[in-house]
Amino acid sequence: MTQTPPGTLYVVATPIGNLDDLSARAIRLLGGVARVAAEDTRHSARLLSHLGLNKPMLSLHEHNEARRIDTLDRYLAEGEDIALISDAGTPLISDPGFVLVRELRARNRHIVPVPGPCALITALSGAGLPTDRFVFGGFLPAKPGARRQALEGWKTREETLVFYESPHRIVHTLEALNEQLAERDVVLARELTKTFETFLHGSPASLLAQLADDPNQARGEFVVIVAGAPPAVQSEQQAIDADTLLDALLAEGVGVKQAAGVAARLFGGRKQTWYARLQAIKGEH
């Protein structure tokens, strides 16, 4: 008797708004799988109905993902192909699925990603901020203290920062950005691929003013994109350049106090610190 080969788990990206963004490959695979694992079966049933499909479905969300692993593994062992989808976009990206994929890979199951819409990539492609390097932080913490702590950890990163945010928290997030990253350029990408898609650009304070002037701009789901920190000067090179400058200033007869002011203006830091450094250099000569 020939044993049925195991099935494949397809991780399928679905539209974040515009249904026309669903790829031909994704449509074909959704039509061919034996069942669909969805974050919200009621929501995803509407997508399948739009495609003229009627598939057995089971929910897979943050509260039951670990419990679904054995069930889905059994279906795969019996030869069923399964599609994993989220409510919108690419599964696992701030959505359930990581635990399932990790555990099924550990069991040597065949897993195939089917690329497609992803809100963070869509937002970056239209935001006008650097895209050569970026970091994705998912959703910032809801509690103010934890949110401030998280932003404190991100503020020195030179890469463009990308976060997701919900409509009822977007003002709080902008207030936190205004408190800690007030000088940064920020882009709010809202309702991507939908009728009221909007990109708002400015400082945190100016964006807060725009939302206050037009409360409709605070509706919908957001991708928040923040310019990275200015590149840090390499400390070793800075030390060499600073010492060269300080030696030159002293050699030209510039007073220690005046030289400290020049160094602070060029390299940053406190005048008192540069004053002490100049005194030490002067003492070595």
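1. Helix H6 (residues 144-154) packs against H7 at an angle of about 50°, their axes lying 10 Å apart. That makes H6 oblique to H7; angles under 35 degrees count as roughly parallel, over 145 as roughly antiparallel, 65 to 115 as roughly perpendicular and the rest as oblique. Axes are lines fitted to C-alpha atoms, for helices over the stretch in contact, with angles running from 0 to 180 degrees between N-to-C directions. Helices (H or I, at least four residues) and strands (E, at least two) are DSSP runs, numbered from the N terminus.

2. This is a predicted model, in which local features need pLDDT of at least 70, side-chain atom pairs count only at pLDDT 80 or more, and totals for chains, interfaces and linings use all residues. Residues are numbered from 1 along each chain as its sequence is written, and side-chain values use heavy atoms, with hydrogens and water left out.

3. H6 and H7 cross in the right-handed sense (right-handed if the near helix is turned clockwise from the far one by less than a right angle, left-handed if anticlockwise). On the H6 side the contact (heavy atoms within 4.5 Å) uses Arg 147, Arg 148, Leu 151 and Glu 152, and on the H7 side His 172, Thr 173, Ala 176, Leu 177, Glu 179 and Gln 180. By class there are three nonpolar, three polar and four charged residues in the contact of H6 with H7. Ala, Val, Leu, Ile, Met, Phe, Trp, Tyr, Cys and Pro count as nonpolar, Asp, Glu, Lys and Arg as charged, and the others, Gly among them, as polar.

4. H7 (residues 170-180) also meets helix H8 (residues 204-213); their axes come within 8 Å and cross at roughly 155°. H7 and H8 are therefore roughly antiparallel, and their crossing is left-handed. Among the residues in contact are Ile 170, Leu 174 and Asn 178 of H7, with Pro 204, Leu 208 and Leu 211 of H8. The contact of H7 with H8 has nine nonpolar, one polar and one charged residues.

5. Strands S6 (residues 134-139) and S7 (residues 160-165) pair in the parallel sense over four bridges; pairing requires that DSSP finds at least two bridges between two strands. Phe 134 stands opposite Thr 160 in S7.

6. Helix H3 (residues 65-77) packs with helix H4 (residues 98-106) at about 45°, the axes being 9 Å apart. H3 and H4 are therefore oblique to each other, and H3 passes H4 in a right-handed crossing.
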